[in-house]
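Dear colleague,

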Amino acid sequence: MDDTTIIAATSIVIAGITTGFGTMGPALAEGRAVATALTSLAQQPDASATITRTLFVGLAMIESTAIYCFVVSMILIFANPFWNHYLAQAAGK
Amino acid sequence: MHLSPDQILYWQFGFVKLNATIVFTWGLMLVLALGSKLATRKLSDDVKPSRWQGVLEIIVLGIEKQIATVGLQDPRRYLGFLGTLFLFVAAASICTIIPGYEPPTGSLSTTVALALCVFVAVPIFGILGRGLRGYLKSYVQPTVIMLPFNIISEVSRTLALAVRLFGNMMSGTMILAILVSITPLLFPIVMTVLGLLTGIVQAYIFAILAAVYIAAVMRASEPDPGQEPTPAPEPGS
């Protein structure tokens, strides 16, 4: 295997693993958050406006961790700095 | 396939580049500014206002109410800044139903610029509202030990604000592009609808988080010197 193949293969594999593992935690956390919010909505329907607003803000906060993983894997696939560096080096040779 | 609309170049002269991000940002600014200008041309306090005036009143009053629920007194002061943030991000994601349009918020440059606006606006509002001493005191709020952490949180939440919006908008267009190449029928439409929903939610989140940060800096220095200071709930980033 030459360097290009190794870089390409590791980038693709790691991109998949990053999104796969990175979304597990936020998925569980969002499930818990929504479940708790639904319980409190059922108990206190009057406070629905506050609960919904806090829920949305909290969900966006939780979701952003998954989004970071997604951004990292997208960078690995579409804008890989190591890949570009290697290509530039190979072209310069 | 491209990661952001920065890579679509329309015109280039030396180092001056005109890419899709700039074009669509200015287009949106033009539409928003001209639209509100036209709608507010004939304002009336009649019993029956014109339709456009009614729409704008609903939007402005809705934003004002949301700002007030975060805990900011006198929402009119913040309406210009927070309302502009919300309307720009929301319009940027609503316009994705127009074919050939790329949301400018799908580029990291735009979102970093918006986040930097928040980064600068929070101290300005804090100093205007509480004075320079009061604002600086908010950095050592629970104890002096928290000073470095407060500074770090200031930077990290700006970064989080930028990357969150960028990631959401970019993932929407990216998934759409992938789906069009796999299943060109029907599924992209469903994802577009989902993208509209997440776009609006993200616009709301962006504006609300900016409001929460401003409210935190206003509240942190609120307790009187005579009373026991109560630590303000610091929103994590």
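By a nonpolar core I mean a set of buried Ala, Val, Leu, Ile, Met, Phe, Trp, Tyr and Cys residues joined through C-beta atoms within 7 Å. Please note that this is a predicted model.

The largest nonpolar core has 42 residues, and the members touching the most others are Phe206(B), Ala210(B), Ala211(B) and Ile214(B). Two or more residues each are supplied to this core by α1 (20-39), α2 (51-70), α3 (76-94), α4 (108-137), α5 (147-182) and α6 (187-220) of chain B. Helix α6(B) provides the largest share, 13 residues.

Phe206(B) is in contact with Leu85(B), Val89(B), Leu161(B) and Leu165(B), when neighbours within four places in sequence are left aside. There is also a second, separate core of five residues, among them Ala66(A), Ile67(A), Cys69(A) and Val71(A).

As to the two chains, 13 residues of chain A are in contact with 16 residues of chain B. On the chain A side, the residues touching chain B comprise eleven nonpolar, one polar and one charged.

Finally, Leu197(B) lies in helix α6 of chain B. Leu197(B) counts as exposed because it has 11 C-beta neighbours inside 10 Å, and a residue is exposed if that number is 12 or fewer. Between the C-alpha atoms of Leu197(B) and Ser153(B) there is a separation of 29 Å, the two residues being 44 residues apart along the chain.

With kind regards

Methods: Residues numbered from 1 in each chain as written. Chains lettered and ligands numbered in written order. Predicted model: local features only at pLDDT ≥ 70, side-chain atom pairs only at ≥ 80, totals over all residues. Buried ≥ 20, exposed ≤ 12 C-beta atoms within 10 Å, placed from the backbone. Helix = DSSP H or I, 4+ residues; strand = E, 2+ residues; numbered from the N terminus. Contact = placed C-beta atoms within 7 Å. Nonpolar A, V, L, I, M, F, W, Y, C, P; charged D, E, K, R; others polar.
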